[in-house]
Amino acid sequence: MRHIGWMTAGTIAVAVLFPRWNTGAETPSAAVNTCVTCHAGLDDEKMSEPVAEWHRSVHKPAGISCQDCHGGNPTASVKELAHDPNAKYVGVPEPVTVHETCGICHQVEKDNYVASPHGLQGNFWPGCVDCHGNHEIKYPVTAAIAVPDKCDDCHDQPVLDAFIAGVDKGLKPLSDIRRDVEALRPSGVPIDEILSQAALAEDAFDRQASHTFNLSQVHGVADSLQKGYERLRKQEAAARTESDVRRRFGWVFAMLFVVMAGIIYLYRRSLPDE
Amino acid sequence: METPSLKTEPQSADPAKPTTLTVPGRKVSNPVRRRTFLQRILCAMSGFGLLGAFYPVLRYIEPPPESEGANRVEIDAAELPPGASRTILYRGRPAVVVNSAQGYIAYGGVCSHLGCIIKWSPAEQVFICPCHGGKFNVKGVVLGGPVPRPLTAIPVSVAGNRVIVGA
Amino acid sequence: MIGRVASGIYRWLDDRLEISKVVDFAYKNLTKPVPKHVNWLFSFGTVTLTFFTSQFLSGLLLMVYYEASAESAYDSVKFIMEKVRFGWLVRQIHSYGANFMIAFLFLHAIRVFFYGGYKKPREVTWLFGFALLAVTLGFGFTGYLLPWDQLSYWGTTVGTEIAGTTPVIGSYLLVLLRGGETVSEVTLTRFFAVHVIVLPWIFAGLVTGHLFLIRYKGISPLASTDLPEPTPEEIKKAGGKAFYPKHVLKEGSVVLLVLAFMLLMIVYTPLPLHEKADPFNTPVGVKPEWYFLSMYQALKYVPKLVGILGSGLVILALLLLPFWERSPERHPARRPVAVTLGILFVVANIALALLAKLSETEHTFLGTRYHFDTYGWPSVVADPVLPSATEADDAAKPEGDKSVDASSDKEAESSEENDTEETKETDESQQEKPGGGE
């Protein structure tokens, strides 16, 4: 028990860091979705593959499941009841109307798309799933969309490059700013205002440019947003500086206390024993 | 028995002259000088630490940076018929808007005498301050009472069926 | 020169008020020697007292801007953290300080137990100390509600619910604590009153008594209670140092080290403010703060009545420890039974708290994903198509604070995304349903 002091200090230090141990997600016991569990076990790959793809999509963590697009009853274990038309089951949506399905949630994109050259004028081709896929939907990035064998079947490469450049000009600064600001969250500096302004900017781009497939429109909107992005960048930089300043002063005073503790110890030793 | 305290005078005769105790093999400096030195260092560091504690407390109780408050207020024209006045919040302070015979007028509502809020008097067609009888005309000029400064005008405009106060 | 002015004032006051008598009495007590066996573990009490002082001062400052009404409490705390200069620092000192104070209080109590400091003639000191523990936990419980965020609201709901299971008076107690049937704005105001006036005065009285008793009786020796207590001269001869200045300085350096540690935690891992309280939405896996976790978990394993009575008995046993643990020995080496029981008690509490932390969460160990139920029992999550955590994370966009509510969408962009088409109303003004129709 000679080093009880050190052992205690070590245990305390470990215990204090304990809250950091719990990095696991607090999750509820998920209610079972019978679409998922049934289809996952089917032999026909055409029936089971979509489940695996959906597991890798962004819809899954967002809480969007099979019934949100295909209808049906996700709690029924009998096929006829699960595929019940009374439960709004539609099966595979018609290609010409697939944008209506996606448009239930993605209203702005749908409206812009219908008015775009790919929409009404283009007889709704390509549809949403032609570019974004149907089950393994990831967060759209321009690199994933304009790949060979997709847009370049009809469009020249220069046009595609200009289009991608426009979308990137409009959205990439935002995602960079968001990523950097989110990285500041653990430091405790206020970031909510920056994030809500970023959300407003993204909303502006979505409403005015997203899925319009109009090159000049996309570039025009992207250009008009740049000034706002500069402001956001400045705010992000200010927040980062604030975080750095806090940490620096934290270290200065913490070290001051430690050094003082040391000097007190020396001073104590210099006091004569009575 | 003398109990040592933080303010003890050094026990050696002359603190300015360092006496060195020679221990076989080592030169040991005066322990009292070391103690005083450490005392002084400690005082300095504690002083710095206290300052570091006192400064944030002072800044904390100072009023925080002003959030401006809305510098543009819109009122439905229907709520401001001719002759009527309304007191609104503009830039965090009361302001009075009047649909007067000369059109829409708006002024900062805080009387410069002692801070009471002015009212519009339709009968006399003047602004009055209820505290000490200050009177202002439609241009905000002081007509009477112990008022040092005239009212501050706020730009008003009309857009459709809405009255815009401020920028 | 300052010295001369000071002693001049002292003489003037002494002439009229005889303050030298008081000063001499205080000096005599303050310079009493402290036994030689007093090691660094004995600083825990001082550290706790330091944190109480810091809590008092930081709490005072917070009260300048805090608004104790359910409508504005959350916003006022947010205001303090974001707009008030150094507001973030004051709030962090108060939040962290609470945790540190309770932690060091536990350590102090454990130290006192193992060194037999509660035995004759120091039983009253122990009683005062136990009351201080109760008051401190009361501080923690009432203060926790004040930010009015999700954790505050639901943690208080769970806590008062447990109090409500007390037999006979339980339901009355519940309504009394909450000021109604549920946690509401009335709960906030009464918790605030208790937190800032009632408990501080009680604490001040108790701590004065506690400290006086400690200085008056001196630190307990390691010898058995049958032997007479050593006199100050004997202690000094055995190598004990004066309380002032040597011992004070020693503890002072410990205090400084702990403060330095807390400061670093404040700037590197500040405690967050969660989402605003939503009385209609209980977050998944809400639990009390760490200092209540062991009791919270223990209550799960037994029927309600057994749990409450059992907890009551344990608390009573701890309170009356000096009266039923009557072995005259103080030194831990000569009290094997007490020391063993003590270690078991501490380890059991830590284990229960760990189980509570694990309960109702999912973790991946060595490639397999386990779900821990409310008792802490693991079961493998049987989802054959489930990808590894990293794949799903790459697909998802950056997310905000997920510690309270894992299932809610916090991304700003996904305002249109919702669970099912049935629950979405706002954006459906112009939508046409797919094939199947209404």
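Chains B and C share five residue pairs in polar contact, counting pairs with both residues at pLDDT 80 or more; a polar contact is a pair of N or O atoms within 3.5 Å, one able to donate a hydrogen and the other to accept it, and residues adjacent in sequence count only if both atoms are side-chain atoms. This is a predicted model, where local features need pLDDT of at least 70, side-chain atom pairs need 80 or more, and totals for chains, interfaces and linings use all residues. Residues are numbered from 1 along each chain, chains are lettered from A in the order written, and side-chain values use heavy atoms, leaving out hydrogens and water.

- C:Arg85 and B:Glu62 form a salt bridge, at 3.5 Å from N to O.

**The cores**
- The largest nonpolar core has 49 residues; such a core is a set of buried (under 20% relative accessible area, 1.4 Å probe, protein chains only) Ala, Val, Leu, Ile, Met, Phe, Trp, Tyr and Cys residues joined through side-chain atoms within 4.5 Å.
- C:Phe203 is among the residues with the most contacts inside that core, and its neighbours in contact include C:Phe52, C:Met101 and C:Leu132, not counting residues up to four places away in sequence.
- Another core, of 25 residues, lies apart from the largest one and includes C:Ala73 and C:Tyr74.

Terms used
Buried < 20%, exposed > 50% of the residue type's maximum accessible area, 1.4 Å probe, protein only. Contact = heavy atoms within 4.5 Å. Salt bridge = Lys/Arg side-chain N within 4 Å of Asp/Glu carboxyl O.
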